Amino acid sequence: MRRIKRAGVLGAGVMGATIAAHMANAGLEVVLLDIVPKELTEEEKEKEKGLTLESPQVRNRIARQGLESLYTTRPAPFLQNDYARLIEVGNLEDDLDKLSDCDWVIEVVVENMDIKKKVLPNVAAHLKEGAVLSSNTSGLSINEMATALPPEVRRNFMVTHFFNPPRYMRLMEIVGCNEADPGVVRDMADFLNKRLGKGIVYCKDTPNFVGNRIGVYSIAKSFQHMRDLGMSVEEVDAVAGKPTGRPKTAAFKTIDLVGLDTMAHVAKNSYDNLPHDEEREAFLLPDWVDTMLSSNQLGDKTKQGFYKKEKTEEGVQRYYWDYEAGEYKPVQKPKFESIKLARMAQTTGETLKAVIQGEDKAAEFAWRNLRDTLLYAFKRIPEIADDIVNIDNAMKWGFNWELGPFQMFDAIGVDYFVQRAEKDGLQVPDKLKEMECFYKIEGGIKYYLDILHNTFREVPSKPEQIDLDLVKKAGGVVEQGENSSILDLGDGVFCLEFHAPQNSISEDMLDMCFRCVERAEQEGVGIVVGNQGERFSVGANLFLLAGAVQEGKWEQLDQIVHKFQQATLALKYCHVPVVAAPFWMALGGGCEFCLNSDAINAYVETYMGLVEMGAGLLPAGGGIKELCVRAVEMEETYGVSSQDLLFKFFQNIGQAKVSQGADDAFNLGYMRKGDSVTFDIDSLLGDAKQKVLSLAANYRPRHPRPFKAPGRDVSASIKSQLWNMKEGNFITEYEYQMGGIVADALCGGDVDPGTLITEQYLLDLEREGFVRLSKNQKTQERVDHILKTNKPLRN
């Protein structure tokens, strides 16, 4: 992989600054440069400051402001704000020499060809030999930019197009200029994938590349079909989101998110620069959009767009833009029978097919929009990309579609699509009529149809990549249940996979955990606890627990919790190494599975925490026990005060704190030295497997041992603070009682400090506290609230 230690970013606007932040997230040193201000601010003019236009503080102001803005930008660009120390600011007149030791310099100036061609030659003169120079353009020609550069720089010149926000959006579009060295382009792709976690899509040098070309076309067509079917923006968004495999922001909420001005700019760029596109007119937005633009109805950034909200005495009132009346109207939350029926489908593909076969206007909109989008995507090969995989990935990673266009073809059925499109009077390409499918799996290998050569080729993948669907198709299922499975990952490593809705943990999943431990100890070398669902696990199945609570079956509740505890304990004391591979959400019981593993290999965007207090419940799957053990071990090993750690852990639990990424999980104490973080989510399970194999080489199983309880003194200190908070009316009597139960479970109960206790003793305290809180009327009200609204009550 190409070695990049230091990078330069030219332009400290929103994109430039957030790109610099993500580089720092990956451990790069960054130089952030912007233009020199032309005049002093009112603050800078104050005489006592003695500042002039020549003062470094003034000359670096724009870049410095870009850096400072990162602290308040949401969503947070930094994994941890401390990473800002890796970013050095300067300006484009005085500090170009600072680029001379950069391995990569990216241009992120205003999206104007003349300005870019003016900046790039100045930068080129300061690059060291072999340094990569790239542009973050979202759709301008890289080859036209290259004309401003000397030949020796062009061989390392390319587009590296980040999508906004760079930390969170996975898509990275890469376009090498005509003279770029393919090896350099490939090396940069590998670096961006592994170190920055980007999904690479190779594009052609065409306007708006792949993601915006297809995505903006699809949204632009929404305007036409909305008008033709007499629908409102709210009605369109009801069907153009999850029901059709797109994000919940659908069409118009997506525009509000990115900005109507941005959407209009990209659409205009397509129209102006695609004179031969058969669908060019689709990029012309309705006249009333110009009215919205002139009225500053740009979306979220101006607090009004296709939607807006206002605070009233009754609460927050939401409105949608009625484009025919030219005014905002209260949202109606439209319901459609086609969408209701489609919810019974099991997969995204089945949902999509069910929706378009409905008989209401939502179903008709879904069909028309998908019909036009899929035909447009099919006709863009080889214009914008050479294969369907790049186009599908661009839409999934850049626009958060659950399925790419060609995966949608397969879900709908190519033959069904062709027949219905022709029935609508559309001209379908002869080549499409010959297709049966675009993807297939044979012998555990996934293939895609190379349209240009009419042959199937293996979908590219990395050696470290593990696709659980392919593992299953290749006969890797060892044991399968309704909500979980045991899979063979090869080399003696088994995977305990959850595949329940939300991956909420139920009793049968606990049974599978016991069986996985038994099998791994007898037949393997280790276990990966992981899956490839939408999230790792949201915790215990509240519906299962709520039934026992509502019926007052306390003994049954105790048994369920005891089983959960024994499952996590079985992982901890398994005689082969266990590595958890969490991603996105690892909450409650999901967090407890991680805490009891030998090690954690987490995806960089892992939001982990013990959140049960939001439901008025105690974390009782071994999480509190494990935090107590860690605090005592830290004191024994390093002489660190266990009391300070226990206070911190108590706050984490009491406030239901969730890490803001894997790096923050270290700060909260959920991850430890020896745990690791993966930026590329496709490599997550492969990295976890390698960690298992590494541990297995010299593995010594853990064994239970008695340890010294922090005891009633530490618990009393926590309770004393709770009492003060209650007396100051900062918490309620109920919250005071909850906090006291947590404190006892965390510190070992009513025993003298130093009393030898066991983990099972702590688990018993957890379980007793859980049942005790479950009997409280207010807890039962909280559980009912969550089950009805799917939202916790925060303490």
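In which helix is Val 233 found? Val 233 is found in helix H9, residues 233–239, where helices (H or I, at least four residues) and strands (E, at least two) are DSSP runs numbered from the N terminus. The model is predicted, so that local features need pLDDT of at least 70 and side-chain atom pairs count only at pLDDT 80 or more, while totals for chains, interfaces and linings use all residues. Residues are numbered from 1 along each chain as its sequence is written, and side-chain values use heavy atoms, with hydrogens and water left out.

**View 1. Surroundings of Val 233.** Val 233 has a relative accessible area of 0% and is therefore buried (buried means under 20% relative accessible area, exposed over 50%, and partly exposed in between, with a 1.4 Å probe and protein chains only). Apart from neighbours within four places in sequence, Val 233 is in contact with Met 226, Phe 252, Phe 306, Tyr 307, Tyr 320, Trp 321 and Tyr 323, contact meaning heavy atoms within 4.5 Å.

**View 2. The largest nonpolar core and Phe 438.** This core has 261 residues, and those with the most contacts inside it are Trp 104, Phe 406, Leu 432 and Phe 438. Helix H15 (residues 361–379) gives the most to the core, with ten residues. A nonpolar core is a set of buried Ala, Val, Leu, Ile, Met, Phe, Trp, Tyr and Cys residues joined through side-chain atoms within 4.5 Å.

**View 3. Two cis peptide bonds.** A cis peptide bond with omega of about 0° joins Arg 74 and Pro 75, and Pro 75 lies in the loop between helix H3 (61–69) and strand S3 (87–91). Another cis peptide bond, with omega of about 10°, joins Ile 381 and Pro 382, the latter being placed in the loop between H15 and helix H16 (388–398).

View 4. Trp 584, a residue other than glycine, has a positive phi near 50° and lies in strand S22 (residues 584–587); because its relative accessibility is 30%, Trp 584 counts as partly exposed. Asn 729 has a positive phi near 65° and is found in the loop between helix H29 (712–727) and helix H30 (733–747), where Asn 729 is exposed, with a relative accessible area of 70%.
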